[in-house]
Amino acid sequence: MEKILLEFVSTLDSLFKKLQEEAGNSSGLSKLTISQLQYIDAIHSLGEPTITEVADKLSITKASVTAGVNKLVQGGYVIKAQSHRDKRVFHLSLTDMSRQFIEVKYQALKEYGDFISAALSEEEAREFEAIITKLVRLFRQV
């Protein structure tokens, strides 16, 4: 079990890195680091978050997020806008280029999901989904 699990996780990790790279290349974001791509993904999933919200989601320091986001702003990937309610707060949003990256990435993830579904019977797919759901819950507790 340990050997096949290690192989599965390693393969999944390699495929995910390849997916990120392909999505980056097709959307013009190929020069960005994995961390910067994670910031873009977090901003997308949170809507129009603050630096603090992105830092909390990624479980990293505000200083790291601030530095990374500032580079993304300079590169034209993220927009930083001052809050109308509290002038000390800035909200982040994605540019069209970054939104295109998200679209390409999620389309590729859907294709991977379809590939996995096609390889399994209906019963295997239900069991696989139940197992993955359980593992995701456990990983989120770590």
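This is a predicted model: local features need pLDDT of at least 70, side-chain atom pairs count only at pLDDT 80 or more; totals for chains, interfaces and linings use all residues.
**Entry 1: Ser59**

I then located Ser59 in the loop between helix H3 (51-58) and helix H4 (62-74). I also checked the backbone of Ser59: phi is near 55 degrees, a positive value in a residue other than glycine. I noted for comparison that most residues other than glycine have a negative phi.

**Entry 2: helices H2 and H5**

I next examined how helix H2 (residues 34-46) packs with helix H5 (residues 96-119). The angle is about 90 degrees, and the axes are 10 Å apart. On the H2 side, I listed Leu37, Ile40, Asp41 and His44 as making the contact. On the H5 side, I listed Ser98, Phe101, Ile102, Lys105 and Tyr106. Sorted by class, the contact of H2 with H5 has five nonpolar, two polar and two charged residues.

**Entry 3: the largest pocket**

I turned to the largest pocket, whose volume is about 1500 Å³. I found 27 residues lining this pocket, of which Phe8, Leu12, Ile116, Phe128 and Ile132 are the closest to its centre. I asked which helices each supply at least two residues of the lining. They are helix H1 (2-27), H5 and helix H6 (122-141). H1 gives the most to the lining, with 11 residues. By class, I recorded 20 nonpolar, three polar and four charged residues in the lining of the largest pocket.

Note on methods:
Residues are numbered from 1 along each chain as its sequence is written. Side-chain values use heavy atoms; hydrogens and water are left out. Axes are lines fitted to C-alpha atoms, for helices over the stretch in contact, and angles run from 0 to 180 degrees between N-to-C directions. Helices (H or I, at least four residues) and strands (E, at least two) are DSSP runs, numbered from the N terminus. Contact means heavy atoms within 4.5 Å. Ala, Val, Leu, Ile, Met, Phe, Trp, Tyr, Cys and Pro count as nonpolar, Asp, Glu, Lys and Arg as charged, and the others, Gly among them, as polar. On a 1 Å grid over the protein atoms alone, a cavity is a set of points where a 1.4 Å probe fits but cannot get out, and a pocket is an open set with protein on both sides within 12 Å along at least five of seven lines; lining residues have an atom within 4 Å of a point. Grid points are joined across faces, edges and corners, and a volume is the space filled by probe spheres set on the points.
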